[in-house]
Amino acid sequence: MKKLLLVFVLVFCGGCLTGQADRITQTSTIDALLAGAYDGQITCRQLLSYGDFGIGTFDKLDGEMTVLNGKIYQVKSDGKVYNPAGDTKTPFATVCNFKPDIQFAIQSADFKIVESIINKKVSNQNQFLAVEISGQFKHVKVRSVPAQNKPYSPLAEVAKTQPVFEMNDVTGTIVGFRTPPFAKGINVPGCHFHFLRSDFKQGGHILDFELSSGNCRIDKCSEFLVILPKGDLLKDIDLSKDKTEELKKAEQ
Ligand code: ZN
């Protein structure tokens, strides 16, 4: 019996030390993406080895990525959902192995209210959160971006002509993260959410939504791993300036 107990403790502590359950992993930085670093760096297959839940984009900025229950979904600029091949690359994505710590119901709330509810539930603003909200939505407004050709325009320019899609009375899931202010320049501070309809026919980067009723699950993450592009990809990009205003134009 003692031997058996020891084995369990070792396995448990091993898990703690590697921190896999609590680790967010991302490729590149949001400011590099804003500057036009759209060339894919790691494959979807590789990305899934870092997590089963998350958001991002694809090589050449070809649509919006949502990772849910270990599957990657690609919403292209026609607003439809595709299943990308395992060797499709991503220049920017954020994933974790989703293990919710808390969950609660939310009734009749828009994006701002949902954000304030989450901020009240986890008042430590310096805590990374993975957030999943499944439910019935009165309204969801999403966008997806079209694939780009070189020379790449900055993301704020691309976003000016982004196709926007509106859905009414749909069931689906919000997937995303709440990122602390101190991670500015690396990821998107605050809540960054993507949406997938439950029939997997539509989705995208959320601009706005109105939730009728849903269940919110939150994974508090204490580790944050950034995988930078190999080689000289970032060499000629000036990442010294504050890009807060550019980010607003690109994400909202
Ligand atoms: Zn997005």
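**The lining of the largest pocket**

Tutor: In this predicted model, five elements each contribute at least two residues to the lining of the largest pocket: helix 2 (30-34), helix 4 (111-121), strand 12 (190-197), strand 13 (203-221) and helix 6 (244-251). The volume of this pocket is about 550 Å³. Its lining comprises 25 residues, and those closest to the centre are Val188, Pro189, Cys191, Glu251 and Gln252. Sorted by class, the lining holds 11 charged, nine nonpolar and five polar residues.

The zinc ion has three protein donors, His192 (NE2), His194 (NE2) and His205 (ND1), which lie 2.1 Å from it. By residue number, His192 and His194 fall within strand 12 (190-197), and His205 falls within strand 13 (203-221). Along the chain, the donors of the zinc ion show the spacing H-x1-H-x10-H. With a relative accessible area of 11%, His192 is below the 20% cut-off and therefore counts as buried. His194 is likewise buried, at 1%.

The loop between strand 12 and strand 13 contains Phe200. Phi of Phe200 is near 55°, a positive value in a residue other than glycine. Phe200 has a relative accessibility of 37%; this value lies between the 20% and 50% limits, so the residue is classed as partly exposed.

Definitions and conventions. Residues are numbered from 1 along each chain as its sequence is written. This is a predicted model: local features need pLDDT of at least 70, side-chain atom pairs count only at pLDDT 80 or more; totals for chains, interfaces and linings use all residues. Side-chain values use heavy atoms; hydrogens and water are left out. Donors are N, O and S atoms within 2.8 Å of the metal (3.2 Å for Na, K and Ca); water is not among the atoms, so sites may look incomplete. Buried means under 20% relative accessible area, exposed over 50%, partly exposed in between (1.4 Å probe, protein chains only). On a 1 Å grid over the protein atoms alone, a cavity is a set of points where a 1.4 Å probe fits but cannot get out, and a pocket is an open set with protein on both sides within 12 Å along at least five of seven lines; lining residues have an atom within 4 Å of a point. Grid points are joined across faces, edges and corners, and a volume is the space filled by probe spheres set on the points. Helices (H or I, at least four residues) and strands (E, at least two) are DSSP runs, numbered from the N terminus. Ala, Val, Leu, Ile, Met, Phe, Trp, Tyr, Cys and Pro count as nonpolar, Asp, Glu, Lys and Arg as charged, and the others, Gly among them, as polar.
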